[in-house]
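Visitor: I would like to learn how to read a few features of a structure. Could you take me through them in turn?

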Amino acid sequence: MSVLRPMDKLPDLNRATVLLVGTQDALLQKLAESMLQEQCASELRVHLANSLPLPSNVNRPRIDLIVFVINLHSQYSLRNVEECLSHVDSSFFLGKVCFLATGAGRESHCSVHQNTVIKLAHTYRSPLLFCDLEVESFRVTMAQRLVRMLQICAGHVPGISAVNLLSLLRRSDSPPSKEL
Amino acid sequence: MASAMEQQGEKPAAGAEDCGEVRDEPQAAGESIEDRIRLLLRLRAQTKQQLLEYKSMIDASEEKTPEQIMQEKQIEVKIEDLENEIEDVKSSFEVKSLALNRMKLSAALTNNIEKMGTESSVLTDDMKHIIKLHKLIMKSQEESSELEEKLLGIRKKRLQLKQTSRSKLLEIQTEKSKQKKDLDNMENSEVIKTMQKKLQMEIKITTVIQHVFQGLILGSKTNWAEDSALREIVLQLEKDLTTI
């Protein structure tokens, strides 16, 4: 399975699966634990990966949401994510992909400019969230948000589909662009 | 709620995915029926939503963009052109092969004739016979065509005659109906009635005058039978005017 497709498997009953892609294992682990601690009616599954493509010899449930974690402090994580994006099917970008830029709190350490990440997210028409996963409270809030998004992407919220999540692309300081 | 976490490492050291930890919170033993029903309802809503998503996905993949349709049309037109070309080439090839066969046959025939000699060969006799028959056929065909032309001419004439007679008959009919109408009009008109009344009056007056004259002649006691002119007058006076 070189290219990840969103709809090639049947969904499991009451189960939502998220794939966290990032270079920093410790951070991903912490985020996953916070997500699992969230109160949620659905059964959550968190998969962690350093990069794509995923190995094909493993039986894996349907992946409902891919979160690309970019550490603003390292150029390598950005490059890694850019390489991974080529292994994702285009229909995933209908709301089932989200970029997470961590390390935004301490701007002095940043080696990746925010505009670069914003441009990347805009190119792939996917929402971009800024946070600092090192801080406990931020991480919990972000986990809450991700769990909610995951439930929508997995189709566990009646009446709302993943495409509705594209409204996250709207910026509050700019008028809504016509292409959305 | 059962949550599971599994780690997928793409690190060269870890190799494939390895399962990190799986946590299963034991479900409460005394889970009430209401909770179960709620769970089932939620599951139903989830399945419906997921079904909707898959359906929309299938619809989206089935729909064709206008560009694809255009391309398909172009390809169809091209295929048609190519098929026409193939047909043309096939027919021309057949025509050529037929011509070639004929040429071969004629060449073979000439060779045979030369070999067998000109005099008293069966083939030449046959051919002559065939030619004679052909000429006969042509002649009879010409005759039959002439006859057919004549027949056609006659039929044309008959048709023309029929048409003219029909038109004449129509004219006659219209004329007759016109006359009838005129007569009806005349009889019904007021002028005719008054004329008839006048005529009746005149007839009555003349009969009275006739009677008067008769009386006069008889009263004069002249022998009107002897004078021829007088006799004629008296006899004339005897005429009944209504019979005229």
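Visitor: Leaving aside neighbours within four places in sequence, which residues is A:Asn14 in contact with?

Guide: Some ground rules come before that: this is a predicted model, in which local features need pLDDT of at least 70 and side-chain atom pairs count only at pLDDT 80 or more, while totals for chains, interfaces and linings use all residues. Residues are numbered from 1 along each chain as its sequence is written, chains are lettered from A and ligands numbered from 1 in the order in which they are written, and side-chain values use heavy atoms, with hydrogens and water left out. Contact means heavy atoms within 4.5 Å, and with neighbours within four places in sequence set aside, A:Asn14 is in contact with A:Ala41, A:Ser42, A:Glu43, A:His156, B:Leu39, B:Arg42, B:Leu43 and B:Gln46. A:Asn14 is found in the segment before β1 (15-21) of chain A, strands (E, at least two residues) and helices (H or I, at least four) being DSSP runs numbered from the N terminus.

Visitor: How many aromatic pairs does a search of the whole structure find?

Guide: A pair of aromatic rings is described by the distance of the centres and the angle of the planes. Rings of Phe, Tyr and Trp (its six-membered ring) pair if their centres lie within 6.5 Å, and planes under 30 degrees apart count as stacked, over 60 as edge-to-face and the rest as tilted. The search finds 2 aromatic pairs over all chains; in one of them, the rings of A:Phe68 and A:Phe99 have centres 5.7 Å apart and planes at 25°, so the pair is stacked. Because A:Phe68 lies in strand β3 (residues 65-71) and A:Phe99 in strand β4 (residues 97-102) of chain A, the pair ties together parts that are 31 residues apart in sequence. Both A:Phe68 and A:Phe99 are buried.

Technical notes:
Buried means under 20% relative accessible area, exposed over 50%, partly exposed in between (1.4 Å probe, protein chains only).
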